[in-house]
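Please read this note with the model open beside you. Find each residue as you reach its point.

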Amino acid sequence: MSKTLLEIKNLKKYFEVSGGFMKKPKYVQAVDDVSFQIEQGETLGIVGESGCGKSTIGRTMLRLYEPTSGQIIFDGEDITTGNMTPYRKRMQIIFQDPYASLDPRMTVGDIVGEPLDIHKISSGHADRNERILSLLNLVGLNSEHMNRYPHEFSGGQRQRISIARSMALQPDFMVCDEPISALDVSIQAQVINMLMELQQKMGLTYLFIAHDLSVVRHISNRVGVMYLGSMMELTRSESLYKNPLHPYTQALLSAIPIPDPNISRARHRIVLEGDVPSPINPPKGCKFHTRCPYAKDVCLEQRPAMAEIEPGHFCACHKVSEDW
Amino acid sequence: MSGELLKIDDLHVSFFTPAGEVKAVNGISYTLEHGKVLGIVGESGSGKSVSANALMQLIPYPGRVTEGQITFDEQDILGMPIQDMRKLRGKEIGMIFQDPMTSLNPVFTIGNQLVETLMQHTDMTKAQAFERGVEMLKLVGINNPEQRMKQYPYEFSGGMRQRAMIAMTLSCEPKLLIADEPTTALDVTIQAQILELIKELKDKINSAIILITHDLGIISDLCDEVIVMYAGRIVEKGSIDDIFYRTAHPYTQGLLRCLPRLDSDDKDPLIPIEGTPVDLVALPDGCAFASRCEKCLKLCLKHQPELMQINEGHTSACWLHAIEKQEVGA
């Protein structure tokens, strides 16, 4: 298709949790050896349960966290180390909680204008105001909102402000870290539509992180499923839903309630036993084997590698690649 | 077993804040029969939790029931003295809260909390109560229940805590179980476990259940009847098939189509409900949904529609139905 905008290779991010004085430190293996590419103009969705490392990936890609090892390549340049300032303009993020990610002491105008000030984009006061205004218009707000404070806005409007702020520098790439999970159902659709519209208008590339599979399916071209810091399956969104290969993906899909009584009555749900193991001490072998209904001896010993099962459909599972 | 277990009549709840009277619940009425599962859907601020808390006299200060009647099992709940209410809570009406992290006491063991509930409401001895507690934990699918009884809530995962909470609630075999967003704080695979558990237990214990949620998927999975709330009022009420297949109220229609479905293919833009929910301090004279409704009439802005019958057991509060009826009549 088109060119690769961003690529990560064997990315790892471990967080140290203190074992105490003179004790060997332990590590939370939040992201453990993940590789993928994002093409220009596409939306890659990342889904997974809490603690699977999906947000950590997004933040590490922007170097908000320093990666433990691995490589991040943005637009052909290795940005794993070195100064990020030139890239900040091109890579932005929208956070989950619009109540925590806006400074309550700043007016909306200043919040949206701050990136312009930091990167010295605007030429003078009038130009700055004009830019802020056009950004607010872009997300469906107007000039009367400019001098108000975040507490005067509802959740959905705050998320709009947050989007306006990240659009201020006209980025190429945006990480959307659960941008709608804090919002009411009727407001979610407004924000999803706006994100998709902005993508079309501005040619943006998204990494869309969420735990809601139906939303991810709607917005993404390709979807990656993560479990305990590892990528389990990665493919085009239609084939993930029509033909899920990994047992975890299958269980995850069947766990989502569908708002249609006839379908809910008819369908059989795969219920996974137990809980997600601790990422401090993840299971040996395949990380999913403790809950996998198909697990065999080989799964306990050997970690399955990501393999291309069909063109463009990657899956890390012994059962799938060896076809039991 | 059938017959009326719970009857709510014209319930009003308000919170008296410095900013003014927040009308959280504005005149809702419904009945619930023994053994039925009633779902209440609505967005945050629609009054769904407040109306359920009123059943337990658990409205926090500065809130107050300003009008209405609640009859549970032929007893008047709102006029009941606090001592009698204490006997009812936990024994006759059980409640599962949204957040299992904060609804268990962190400084007592799970066993301790289970035994306390049982000893409070039955004449079991401590040993009997302990045994019953072990049984209940087993029932909700917790392994090694004897050992688990001696553990503290922090030693349980989120899903386990919610299971323990359910065990505790069901241990006295309540006639009514109120589940207030029981799975919102949980991951989807754990949510599936809990929903399967509730489904399974529903048949075993024969309690009536009120399930409060914002997720229509969960409703379609579990409920017999559904109430849709908006701005403290019931906008639509009916059987599960009425609500999903013969949807009458524009708000319910909007809710059903505004989110992408897992089993649909199209990538067309979603159809959102425009605007934002109303301010409960300054409710409009007319229909509260009017400002966001695409079918809004002049009438809707001035007069509040009452619930109108669409079919047997299916009612909806919208002026459009009155107009349709008139056209059919004329």
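The points below take a few residues in turn.

1. Ground rules. This is a predicted model, in which local features need pLDDT of at least 70 and side-chain atom pairs count only at pLDDT 80 or more, while totals for chains, interfaces and linings use all residues. Residues are numbered from 1 along each chain as its sequence is written, chains are lettered from A and ligands numbered from 1 in the order in which they are written, and side-chain values use heavy atoms, leaving out hydrogens and water.

2. B:Thr213. Look in strand β8 of chain B, residues 208–213. Strands (E, at least two residues) and helices (H or I, at least four) are DSSP runs, numbered from the N terminus. B:Thr213 is buried, at 3% relative accessible area. Buried means under 20%, exposed over 50%, and partly exposed in between (1.4 Å probe, protein chains only).

3. Its surroundings. The side chain of B:Thr213 reaches the backbone nitrogen of B:Asp215 at 2.9 Å. B:Thr213 also touches (heavy atoms within 4.5 Å) several residues beyond four places away in sequence, including B:Ile40, B:Lys48 and B:Glu181.

4. A cis bond. The peptide bond from B:Tyr61 to B:Pro62 is cis, with omega near 0 degrees. B:Pro62 is in the loop between α1 (48–55) and β4 (63–72) of chain B.

5. Positive phi in chain A. A:Arg63 is not a glycine, yet its phi is near 60 degrees. A:Arg63 sits in the loop between α1 (54–61) and β4 (69–74). Buried or exposed? A:Arg63 counts as buried, at 10% relative accessibility.

6. Positive phi in chain B. Phi of B:Glu74 is near 65 degrees. B:Glu74 lies in the loop between β4 and β5 (75–76). B:Glu74 counts as exposed, at 80% relative accessibility.

Note on methods: Polar contact = N/O pair within 3.5 Å; in protein donor to acceptor, adjacent residues only side chain to side chain.
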